[in-house]
Amino acid sequence: MTKAGEYRLILQSLEDWDGYLLAESGLPGPRGNLELAQVVADMGDRQLFERYIAYTPDRAPVNSPLEFLPFCGTVGLGRLVAEGDRALLKTLRLLASDPRWRMREAVAMALQRFGEVAMDDLIVEMQAWIQGTPWEQRAAAAGLCEPRLLGQARQVRAVLRILDEITASIEQVEERRSEGFLALRKGLGYCWSVAVVALPEEGKALMEKWIGNPDKDIQWILRENLKKNRLARMDALWVEKLQGAWK
């Protein structure tokens, strides 16, 4: 039996999940229990998820076991969105700006659940999010740039255009030290490589156009992507050529 199967049987036997989730959260620690969180998202209901996301940062601070509850609740909202409750996208958009990094990761995971069943609809929704804050832009990029979602060329083209638009917006940012901007920059530092590998020829051409851009943060994003092994496996000579632009 898989670990997820074990978790499922245990949760089915419990009337109150909270104590078990806190004990098995993996927090404090470097990695929360993602397998358990996905099972909770599969098995919980809206009432449970809404109770969990009510654990705000003051009640459930970063790296505390209590943080695991809103993490699970957020991923669970993604399941409900995928099942048709699109109004909850507004809640996920608000949670994209949560000061806790694990909560922001949970938003990306929730969006990916939506994308698994309705990728076209996710793309449309993310086109609205990228007009928002750096936090929202980061959530859009992270939610879309998941390899398992990027199987159709038409959809990958749309994701590449979204990354291109987010990258272009960086040139207009004046406050470069905010946590939101730094999180966006870090996210873009890997997202481009994921999308380019999914549609190499078109992706490479779109990424190449940014090489000569003088913006220091855009250059940082490009360099970080070019360090990713996935790009080297795709086309090592191309990566070497682009890396040579800074020598």
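**View 1. Surroundings of W192 in the predicted model.** Beyond its neighbours within four places in sequence, W192 is in contact with L160, L163, D164, T167, L206, M207, W210, I221 and N225, contact being heavy atoms within 4.5 Å. This is a predicted model in which local features need pLDDT of at least 70 and side-chain atom pairs count only at pLDDT 80 or more, while totals for chains, interfaces and linings use all residues. Residues are numbered from 1 along each chain as its sequence is written, and side-chain values use heavy atoms, with hydrogens and water left out.

**View 2. The largest nonpolar core.** This core has 80 residues, and L21, V40, W129 and W192 have the most contacts inside it. Its largest share, 13 residues, comes from helix α7 (residues 101–129). A nonpolar core is a set of buried Ala, Val, Leu, Ile, Met, Phe, Trp, Tyr and Cys residues joined through side-chain atoms within 4.5 Å. Buried means under 20% relative accessible area, exposed over 50% and partly exposed in between, with a 1.4 Å probe and protein chains only.

**View 3. The bend in helix α7.** α7 bends by about 130 degrees at A118; the bend at a residue is the angle between axes fitted to the seven residues ending there and the seven starting there. The end C-alpha atoms of this 29-residue helix are only 18 Å apart, against the 42 Å that a straight helix would reach at 1.5 Å a residue. The expected span is 1.5 Å times one less than the number of residues. Helices (H or I, at least four residues) and strands (E, at least two) are DSSP runs, numbered from the N terminus.

**View 4. I53 in helix α4.** I53 is found in α4 (residues 46–53) and counts as buried because its relative accessibility is 18%. Leaving aside neighbours within four places in sequence, I53 is in contact with P70, G73, T74, L77, T91 and L95. The C-alpha atoms of I53 and L69, 16 residues apart along the chain, are separated by 7.2 Å.

**View 5. The aromatic pair F68 and F71.** The structure holds one aromatic pair. The ring centres of F68 and F71 are 6.3 Å apart and the planes lie at 10 degrees, so the pair is stacked. Rings of Phe, Tyr and Trp (its six-membered ring) pair if their centres lie within 6.5 Å; planes under 30 degrees apart count as stacked, over 60 as edge-to-face and the rest as tilted. Both residues lie in helix α5 (residues 68–82), three residues apart, and both are buried.

**View 6. Cysteine C145.** The structure holds zero disulfides, a disulfide being a pair of cysteine sulfur atoms within 2.5 Å. For C145, the nearest cysteine sulfur is that of C191, 4.1 Å away. C145 is buried, with a relative accessible area of 4%.
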